[in-house]
Amino acid sequence: MANVKSRIFLGIETSCDDTAVALVDASSRTVLRQCIHQQMEHQAFGGVVPDLASRGHAKHLPKLLNTLLRETGVAKEDIEGIGVTAGPGLAGGLLVGVMFAKGVSISLQKPLWAVNHLQAHSLVPRLCFSQLEFPYLALLFSGGHCEFVIVHSPIEFYLLGYGLDDAAGECLDKIGRRLGFSFPAGAAIEAAAKMGDASAVPLPIPMRDRSLNFSFSGLKSAALRWINESEKVLSFEKKANLCASLQYAIGQSIVKKIDNFFDTLPEHVKLKQAVFCGGVASNQYLRDVLKTCFDRYEVEFLTPPPKYCTDNGAMIAWNASEKCDVGVPPSMNFSIKARWPISV
Ligand code: KG4
Ligand code: ZN
């Protein structure tokens, strides 16, 4: 068989506190390499400080791109196109990324695509699983978003449900902060939960209504109230129990929405595949709970490896390649959109 020609795309991501770049070969669906700088300076503040984040991106982006090109040995002229996150996210960080990407695009004379961060999270499973076909259901859970979406094509997204207040990741991060875990706290909560008892802390299962929307601020308040009413210094056992109970409540809330979805799905509509994506989808406990749920409906459940669930440049590069393939024209004439819904 003749060698398939590589089609290499560069992705640039600066929407929050991770500065990330990656090179993806779209024809073989391979990530050649990704480089991420995780900004630790936000730790002291317990959350992302926008001004610090944009300064960090400006400082690290040029170095990261050089490292990426040097370590992959990819020549600049071998890059077919570039994707950059234009929103949603923190305005300052987006501006730094977009200005940088426009500069690279001009100097290399390569086409540039503006990428929606949420669409990129929902499409990256296609980079990881060649069998994933449109349309599929995407459950996108990150630090700022909870979305229940049907992905019809690289440019068509139907939003069926969304977060009404705190996202699941935000809820975990805020409770983690109170427990003294480092930011973001999702991974630390998952680790602690492994040693806890999920039935030990009575927390409400959020949003047991018939909608496909999510709400995690009530769960957050209930967990914070439980902490306030407990002794001043919590034992590790109690922290672990709270983390396990929290994960359980989040898992059951998502399962209820999946059940709602299948309850209302007309009989003639057959959904074959579903994906779990966004930073919270790194959580193995939640992956297992959702897998069991989708097994009941005989739907194939696919979740990218954690490094492509949390923010990364590969999903942005992949998104640029998919836009290119469906004929979306590249453009230099776009601005950042701090707010930019997945379905436009
Ligand atoms: O997609 P992402 O990297 O950034 C945003 O677009 O927001 O998601 C970050 C979120 C954070 O809230 C973080 O605590 C959560 O993903 N997260 C996790 C895990 N790893 C990261 N949540 C639960 N379990 C994890 N293992
Ligand atoms: Zn994200």
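His-117 is buried, with a relative accessible area of 7%, where buried means under 20% relative accessible area, exposed over 50% and partly exposed in between, computed with a 1.4 Å probe on protein chains only. His-121 is likewise buried, at 1%. The structure is a predicted model, in which local features need pLDDT of at least 70 and side-chain atom pairs count only at pLDDT 80 or more, whereas totals for chains, interfaces and linings use all residues. Residues are numbered from 1 along each chain as its sequence is written, chains are lettered from A and ligands numbered from 1 in the order in which they are written, and side-chain values use heavy atoms, with hydrogens and water left out.

Helix α3 (residues 117–128) holds both His-117 and His-121, which are four residues apart, about one turn of the helix. Helices (H or I, at least four residues) and strands (E, at least two) are DSSP runs, numbered from the N terminus.

An open sheet of five strands runs in the order β3-β2-β1-β4-β5, with mixed pairing; two strands pair if DSSP finds at least two bridges between them. At its edges lie β3 (30–38) and β5 (112–116), each of which pairs on one side only. On average, neighbouring strands of this sheet are turned by 20 degrees against each other, direction ignored. Strand β1 (residues 8–13) pairs with strand β2 (residues 18–25) in the antiparallel sense over six bridges, and Ile-12 has Val-21 in β2 as its bridge partner. Helix α1 packs on the sheet, touching β1, β2, β3 and β4 (79–87), and its direction makes about 25 degrees with that of β2. Helix α9 (residues 314–325) also packs on the sheet, where it touches β1, β2, β3, β4 and β5, with its direction at about 130 degrees to that of β1. Contact means heavy atoms within 4.5 Å, while axes are lines fitted to C-alpha atoms, for helices over the stretch in contact, and angles run from 0 to 180 degrees between N-to-C directions.

Helix α1 (residues 50–72) also contains Asn-66, which counts as partly exposed at 48% relative accessibility.

Seven of the eight residues of strand β7 (residues 146–153) are buried, so the strand is largely enclosed by the rest of the structure. Strand β6 (residues 136–141) pairs with β7 in the antiparallel sense over six bridges, and a hairpin of four residues joins the two. Within this pair, Leu-139 stands opposite Phe-148. Strand β8 (residues 156–162) pairs with β7, again in the antiparallel sense over six bridges, and two residues lie between β7 and β8 in their hairpin. Ser-153 has Glu-156 as its bridge partner, and Val-151 stands opposite Phe-157.

The axes of helix α4 (residues 168–178) and helix α6 (residues 217–229) come within 10 Å and cross at roughly 10 degrees. That angle makes α4 roughly parallel to α6, as angles under 35 degrees count as roughly parallel, over 145 as roughly antiparallel, 65 to 115 as roughly perpendicular and the rest as oblique.
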